[in-house]
Amino acid sequence: MADLPIAEIFGPTIQGEGPYAGRRATFVRLGGCNLSCSWCDTSFTWDSDRHNLRDTISPMPVDHIVEETMRRDGVVVVTGGEPLLHHRSPAFYDLLTTLRSRGRQIHLETNGTIYPGGDIVGLFDVISLSPKLANAGPHRGSQSAAFASGWGASSGFTEIHLKIVCESREDVSVAASFAKELGWRSDRVWVMPQGIDARQLESRWPTIAQAAVDFGVNATNRLHVLAWGDERGR
């Protein structure tokens, strides 16, 4: 089996965000991203200006990834960076099909800019799409945060949620309007406060939670940050 660029495999821990927050999970974090959000808390997966990516990302054979993952319990969360950068790699397909054959539930976290098609989408039990608002700042060069067409029609393949980072009531309004324009089910729309420490989350959470109620969407905090701060591997 071929290799995939791995930044870290960790767990068991808890899923900190979204509809499965609090659930026991193991994370497989792939390297590389096609965006450059100003508040990104996993810049070690893509930002060569701040990190030596040769040190933070290592090529790993699929069978080794599976072995490391199977040593840990909980749902398997494939994340990044942007994991769907690798969706055309046979190794990515092999990883998903092998984990499924071993009886693991697989969740995906992606920014929603890449639509890989139903063959890949159908290999995930749950998908969390995180389209970026203006609060993510300008992205580098020709990077585009445009939401990929195709996702709206894929809800029949698997359970797909929107999870959108917000800093203000206005952001929640924009997120709710975006979901409505897509025709997205409101019970699968989540807004989340931007914050990499408990202080930031506590300051924004009341505003985001109330706005979610007012605009008819769900709200999620970042439980792992509340528990462990910005500590890697948690």
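Colleague: What volume does the largest cavity have?

Modeller: About 100 Å³ for the largest cavity. A cavity here is a set of points, on a 1 Å grid over the protein atoms alone, where a 1.4 Å probe fits but cannot get out. Volume is the space filled by probe spheres set on the points, which are joined across faces, edges and corners.

Colleague: Which residues line the largest cavity?

Modeller: Among them are Tyr20, His107, Glu109, Ser128 and Lys163. Lining residues have an atom within 4 Å of a point. Strand 5 (106–110) and strand 6 are the elements that give two or more residues to that lining. Strands are DSSP runs of E, at least two residues; helices are runs of H or I, at least four; both are numbered from the N terminus.

Colleague: Before I go on, what am I looking at?

Modeller: A predicted model: local features need pLDDT of at least 70, side-chain atom pairs count only at pLDDT 80 or more, and totals for chains, interfaces and linings use all residues. Residues are numbered from 1 along each chain as its sequence is written, and side-chain values use heavy atoms, with hydrogens and water left out.

Colleague: New topic. Where is Asp73?

Modeller: Asp73 is in the loop between helix 2 (62–70) and strand 4 (75–79). Asp73 counts as partly exposed because its relative accessibility is 37%. The cut-offs: buried is under 20% relative accessible area, exposed over 50%, partly exposed in between, with a 1.4 Å probe and protein chains only.

Colleague: Which side chain joins that of Asp73 in a polar contact?

Modeller: That of Arg24, at 2.8 Å. A polar contact is a pair of N or O atoms within 3.5 Å; within protein, one must be able to donate a hydrogen and the other to accept it, and residues adjacent in sequence count only if both atoms are side-chain atoms.

Colleague: And aromatics. How many aromatic pairs?

Modeller: The structure has 3. Phe10 and Phe27 are stacked, 5.1 Å centre to centre with 5° between the planes. Rings of Phe, Tyr and Trp (its six-membered ring) pair if their centres lie within 6.5 Å; planes under 30 degrees apart are stacked, over 60 edge-to-face, the rest tilted.

Colleague: Are Phe10 and Phe27 buried or exposed?

Modeller: Both are buried. Phe147 and Phe178 also pair: their planes are at 90°, so that pair is edge-to-face, with centres 5.4 Å apart.

Conventions. 1 Å grid on protein atoms, 1.4 Å probe; cavity = no way out; pocket = protein on both sides within 12 Å on 5 of 7 lines; lining within 4 Å.
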